[in-house]
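Subject: Structure handover and findings

Dear colleague,

Please find below the structure that I am handing over to you. My findings follow directly after it.

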Amino acid sequence: MKPFADVMRTLRELTLSVAMALLLGLGTSPCALAADAPAASTPKPDDIRPVDDAWRAALPRDPKAATEAYLARLSPAARARSDAYFEGGYWLDGLSLLWGLAVAALLLFSPLSRRMRAVAERVSRRPFVHATVYAAMYLAVVALIGLPLQIYTGFVREHAYGMATQAFPAWFGEQVMQFGLMLVVTAPLIALLLLAVKRFERTWWVWGAVGFSLFTVLLVLVKPVFIDPLFNTYKALEVSPLQQRILALARANGVPVDNVMWFDASRQTTRVSANVSGLFGTAAVRLNDNLLKRSSEPEILGVLGHEIGHYAMNHAAKMILQFGVLIAGLFALTAWLARKLLVRYGTRWGAGSLHDPVALPMLMAVLSIAGYLATPLSNTIIRNQETEADLFGLNAARQPDGIAEALLKLVEYRKAQPGPIEEIFFFDHPSAYNRIFAAMRWKAEMMPASASAAASAAASAAASAPAAPLNPP
């Protein structure tokens with residue numbers, strides 16, 4: 001369900017601001033901000049204590065005790081690193097919001113936005129072209145001012161926590177490519193939004209929400225096929241027992257696929273991931289090379305059972321509808337507050353109406369605030385579907401220990417055991433503790449002790465088997 005999280009995050013990040021520039025002015029640099037992070041390192045083998053089939057067979061049948069036994073295998077250093085990384089993200093989200101508000105203030109209370117409008121008017125008087133040119137300049141200014149924070153969050157910090165593998169030139173090249181794609185797609189969309197504000201003065205927020213939903217559908221369909229391959233190489237997994245089991249698992253649960261794709265995510269990150277995506281009859285099973293190299297067969301099948309659950313339960317379509325309603329509410333709130341701000345400050349800004357491009361930074365700032373405040377709700381929508389996919393995956397793949405092992409690896413970048421309020425506000429997936437607990441409860445209730453011991457022995461044998469063969473990258 002990553003595309004939806006990406007789109008929601010974009011609502012907050014479109015208005016990056018000068019907060020980092022202000023920090024730099026006070027003598028703080030991205031490298032200094034990373035000083036409290038652990039030294040850069042890739043995940044260590046001793047981060048998770050290895051076990052064998054005897055350990056799994058001896059696990060308590062009580063789900064809580066079994067969950068605690070799994071989490072006890074994480075080293076104290078790994079837990080501390082995970083907590084620091086994830087909790088730091090809370091502060092970075094707040095900083096990004098302040099950053100966006102600072103950029104909006106810079107554009108609105110200085111001549112910069114009006115000068116950008118004048119440039120756009122010289123290019124063309126046609127409303128759509130004029131608005132598109134302004135939006136492109138706006139996005140460029142935002143990206144340029146936001147570059148220090150982007151470098152810190154996307155490069156410095158990821159390396160400091162041992163989760164990035166790219167050198168800076170390669171990483172920066174991909175950021176430039178992503179910005180180019182965003183510019184080509186987003187600038188015309190912003191222009192259409194401004195035209196909708198002009199044409200439907202009172203109900204533009206409805207059309208904005210409809211347009212957002214349609215864009216989300218397009219993103220879900222297009223991104224895996226046309227955009228993701230620009231950044232990674234996708235190849236069919238060679239025929240092997242693992243490949244055949246993945247295909248059988250997919251087909252048995254309604255995913256119409258004839259092959260399994262893998263991609264070279266290790267060129268950018270150490271994280272494990274997989275997805276089963278598609279709408280309206282399209283489908284593809286994809287897993288990254290980190291998952292293949294770092295995981296046993298039961299883990300891979302457990303992870304893919306979860307991803308197949310998203311597809312089988314039509315989570316993409318359901319989430320588009322749910323997020324459509326949420327976005328409509330956010331746009332309505334934005335329309336109400338933006339009108340009030342325009343009445344009070346419009347003359348000072350030089351903005352005569354909401355559809356005036358000069359008012360765009362204010363619209364995006366208000367939408368950013370609304371999106372930030374709605375984060376617990378958007379996280380809950382995603383988290384509930386992740387819980388459903390977990391349960392589907394357990395019933396489909398029948399690998400409770402496999403998924404538990406995989407979840408230990410996800411602790412590298414996701415806090416293992418947050419408080420209940422913390423999980424509601426900041427987690428778009430259930431915590432590792434709750435997910436492992438659900439797996440251990442399923443195991444206790446659905447697998448007799450004898451079957452559980454046999455499954456553990458099979459899992460151990462699979463874990464010691466040679467890795468699935470890969471085509472050369």
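N314 is found in the loop between α13 (297-312) and α14; helices (H or I, at least four residues) and strands (E, at least two) are DSSP runs, numbered from the N terminus. Please note that this is a predicted model, in which local features need pLDDT of at least 70, side-chain atom pairs count only at pLDDT 80 or more, and totals for chains, interfaces and linings use all residues. Residues are numbered from 1 along each chain as its sequence is written, and side-chain values use heavy atoms, with hydrogens and water left out.

N314 has a positive phi of about 55 degrees although it is not a glycine. Most residues other than glycine have a negative phi. N314 is partly exposed, with a relative accessible area of 48%; buried means under 20% relative accessible area, exposed over 50%, and partly exposed in between (1.4 Å probe, protein chains only). R398 also has a positive phi of about 55 degrees without being a glycine. R398 lies in the loop between α16 and α17 (400-410), and at 41% relative accessibility R398 counts as partly exposed.

**Nonpolar cores and a surface patch**

The largest nonpolar core has 56 residues, and those with the most contacts inside it are Y138, W204, L330, L354, L360 and M362. Such a core is a set of buried Ala, Val, Leu, Ile, Met, Phe, Trp, Tyr and Cys residues joined through side-chain atoms within 4.5 Å. The elements that give two or more residues to this core include α6 (76-108), α8 (127-160), α10 (204-227) and α14 (315-349). The largest share of this core, 13 residues, comes from α8. Apart from it lies another core, of 54 residues, among them V272, L301, F392 and M447. In soluble globular proteins, nonpolar side chains tend to be buried together.

On the surface, V119, V123, F128, V129, V184, V185, L189 and L192 form a nonpolar patch with about 630 Å² of accessible area together. Patches are made of residues with over 30% relative accessible area and no salt bridge, where like charges are joined within 9 Å and nonpolar side chains (Val, Leu, Ile, Met, Phe, Trp, Tyr) within 5 Å. Accessible areas come from the Shrake-Rupley method with a 1.4 Å probe, and for residues only the protein chains shown count as cover. The elements that give two or more residues to the nonpolar patch are α7, α8 and α9, and α9 gives the most, with four residues. V123 lies in helix α7 and is exposed, with a relative accessible area of 53%.

**The enclosed strand β4**

Five of the five residues of strand β4 (residues 284-288) are buried, so this strand is largely enclosed by the rest of the structure. Both faces are covered: A284, R286 and N288 on one side and V285 and L287 on the other are all buried. Two strands pair if DSSP finds at least two bridges between them. Four bridges join strand β2 (residues 260-263) to β4, and these strands run parallel. Four bridges also join strand β3 (residues 274-277) to β4, and that pair runs antiparallel. V285 in β4 is the bridge partner of V260, and V276 stands opposite V285.

N288 is buried, with a relative accessible area of 1%. A polar atom of the N288 side chain lies 2.9 Å from the backbone oxygen of R271.

**Salt bridges**

There are 16 salt bridges, each being a side-chain nitrogen of Lys or Arg within 4 Å of a carboxyl oxygen of Asp or Glu.

- R81 and D47 meet in a salt bridge (2.6 Å, N to O). R81 lies in helix α6 and D47 in the loop between α3 (30-33) and α4 (53-57), so the pair ties together parts that are 34 residues apart in sequence. R81 and D47 are buried.
- R117 forms a salt bridge with D356, the closest N and O atoms being 2.7 Å apart. R117 lies in helix α7 and D356 in the loop between α14 and α15, so the pair ties together parts that are 239 residues apart in sequence. R117 and D356 are buried.
- D401 and K443 meet in a salt bridge (2.8 Å, N to O). Both are buried.

Kind regards

Key:
Polar contact = N/O pair within 3.5 Å; in protein donor to acceptor, adjacent residues only side chain to side chain.
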